[in-house]
Amino acid sequence: MAVAKTQPGGRTAADPPSIELRRVRKSFGDFTAVAGVDLTVGQGEFLTLLGPSGCGKTTTLRMIGGFELPSSGEVLIEGAQMGNLPPYRRPVNTVFQNYALFPHLSVGKNVAYGLEMSGVPRGDRERRVREALDLVRLPNVENRRPSELSGGQQQRVALARALVNHPSVLLLDEPLGALDLKLRKAMQLELKHLNREVGATFVYVTHDQEEALTMSDRIAVMNEGRILQLGAPEEIYERPRSRFVADFIGQTNFIECDVLGPDGRFVACRTAGGETIRAIPAVEAPAGGTITVAVRPEKVSLDAEAPGGLSANWNRLTGTLTEVIYLGTHTQLVVALPGEGQIVVHRQNRMLGETEPSTGQQLTVAFDPASATVLAE
Ligand SMILES: Nc1ncnc2c1ncn2[C@@H]1O[C@H](COP(=O)(O)OP(=O)(O)OP(=O)(O)O)[C@@H](O)[C@H]1O
Ligand SMILES: [Mg+2]
C-alpha cells in the first residue's frame, strides 16, 4: 500500500502540483504566441517566466489566470481541469504591471474590494484587510487615497489586494516595472519573503534576468512561445544548454572549436588558434564537427593569477589584450584570440590601486574546464 509522505505545511507527496500546463498552445489568427508549453509548478514554488519581449510570457500567464483560453492543451490548478472557467472562478489572483487601484477609493476599500464582492461580513473584512496590509508592511494607511502613496507603496497595496482572499496561486506580470531601481530591488526581496510567508505559489513574469535570478526557485527561459530551459537559477546560469539561454542571462564568451573527442567527463576540442581546450557537454558529447563552448567572464583568470596547483589542467588561451574597461566592482579585459574570436575576462577589483596589464600585450588566460559548457545548439 502506498503511504503518502507528509511534507512541510501538512501537504503530502500525493498532493497534485499547484499548476500544470500540458501542451498548451495559443494562436491569434495564424500567429502562434505560445507554441506548446509543458510546465509543472510545485506547491508554494516561486517560478519565473523569463524571456525577451513578445516571447509569450504574458499570454502564458493569462491562460493560467483564465483571461485567455488556450487554442489547445490543458491547464490544471490544484489537480483540477480549468477548462473555460473564468478568472474569478479560479483559485488565482493576478497583479499586473499597471496595478490599477481605484483612485476614488481609500486604500482600505481598494484592498477590501474582492472580499466585499464575495460577501465577506464587515468585521472579517476589516481584520483581513489589516492583515494583508501588515503582510506587505503598510500598516496604518487604510484611510489614505492611492494618490497619497509612493509608487512602491501603491504597488504593495495592489499586492495586498491580491493576497487578501488567500489565493493558492498568485500571478505577477512585471509588477515592479514602474518602480525605480532601488525600490525594485527592495520589493524583489520582499516578494520572495512574502512567498515564503504566505505559502502561495507565485508565477512571476519578467524580462529582467537579474530579477529572475534574485527571486526564483526555478526559472523557465522562454523564446518564441517555447520554454527553452527550466531550472534553478544556478543551473540556468552555470549550465545554459543553448546559445540563446547563455546569451540572454548574463554575459558569456562563446568559443568555436573542432571536436577531438571525449576526455573523461569532458569533451576536448581544438580552437582556431590551435589550442586544445576541454568543456562539460550540456547534453551528450558530440561525436565530431564544430561546437560552441560557453564560459562566463568571471570564471576566466589571467594565467599568472590562476589559483596555484589547482590550475594545472585548466584550459589556456593566448591572445592580444585589446581593451581594459574599469567597471567599479570589476575590470573588463578583452583578449583577441588568433582567428576571429575574443575572450572577455572579469577581474574583481578587490584591492585599490591594482595595476592592470596594458593593451597590445600578449596575454594568456586560464579557466577550469568544469566551468566551461559545450552548448547543445
Ligand atoms: N490579443 C492578441 N492578439 C494578437 N496577438 C497577440 C495578442 N496578445 C498577444 N499577442 C502577440 O503574442 C506574442 C506574445 O505576446 P505576450 O504579451 O505574451 O509577450 P510577452 O512575452 O509578455 O512580451 P513583453 O515582455 O513585451 O510583455 C506577441 O507577439 C504579441 O504581439
Ligand atoms: Mg508581457
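How many nonpolar, polar and charged residues are in the lining of the largest cavity, by class? I kept that one in mind while I settled in with the model.

**Ground rules.** I noted that this is a predicted model, where local features need pLDDT of at least 70, side-chain atom pairs count only at pLDDT 80 or more, and totals for chains, interfaces and linings use all residues. Residues are numbered from 1 along each chain as its sequence is written, chains are lettered from A and ligands numbered from 1 in the order in which they are written, and side-chain values use heavy atoms, with hydrogens and water left out.

**The chain as a whole.** I found 8 helices and 20 strands in the chain; helices (H or I, at least four residues) and strands (E, at least two) are DSSP runs numbered from the N terminus. The C-alpha trace spans about 75 × 55 × 50 Å along its principal axes. Of the 377 residues, 46% are buried, meaning under 20% relative accessible area with a 1.4 Å probe, protein chains only. I also looked up contacts (heavy atoms within 4.5 Å): among those with a separation of 6 or more, 64% are between residues 24 or more positions apart.

**The cavity.** Back to my opening question. The structure holds 2 cavities of 30 Å³ or more, and the largest has about 60 Å³ of space. Here a cavity is a set of points on a 1 Å grid over the protein atoms alone where a 1.4 Å probe fits but cannot get out, and lining residues have an atom within 4 Å of a point. Its lining has 4 nonpolar, 3 polar and 3 charged residues; Ala, Val, Leu, Ile, Met, Phe, Trp, Tyr, Cys and Pro count as nonpolar, Asp, Glu, Lys and Arg as charged, and the others, Gly among them, as polar. I list Y237, E238, R296 and K299 among the lining residues. The elements that give two or more residues to this lining are α7 (233-238) and β14 (290-295).

**The pocket.** A pocket is an open set with protein on both sides within 12 Å along at least five of seven lines. The largest pocket is lined by 27 residues, with V92, N93, T94, R161 and N165 nearest its centre. Two or more lining residues come from each of β6 (92-95), α2 (107-117) and α4 (151-163). By class I have 17 nonpolar, 8 polar and 2 charged.

**The sheet.** β6 turns up again in an open sheet of 6 strands, ordered β6-β7-β8-β3-β9-β10 with mixed pairing; two strands pair if DSSP finds at least two bridges between them. β6 and β10 (226-231) are the edge strands, each pairing on one side only.

Which way do β9 (residues 218-223) and β10 run? They are antiparallel, joined by 5 bridges, and I219 stands opposite G231.

β3 pairs in the parallel sense with β8 over 5 bridges and with β9 over 4. I checked L50 on both sides: its bridge partner in β8 is T206, and V221 stands opposite in β9. Since 5 of the 5 residues of β3 are buried, β3 is largely enclosed by the rest of the structure. F46, T48 and L50 point one way, L47 and L49 the other.

Terms used. Buried means under 20% relative accessible area, exposed over 50%, partly exposed in between (1.4 Å probe, protein chains only). Grid points are joined across faces, edges and corners, and a volume is the space filled by probe spheres set on the points.
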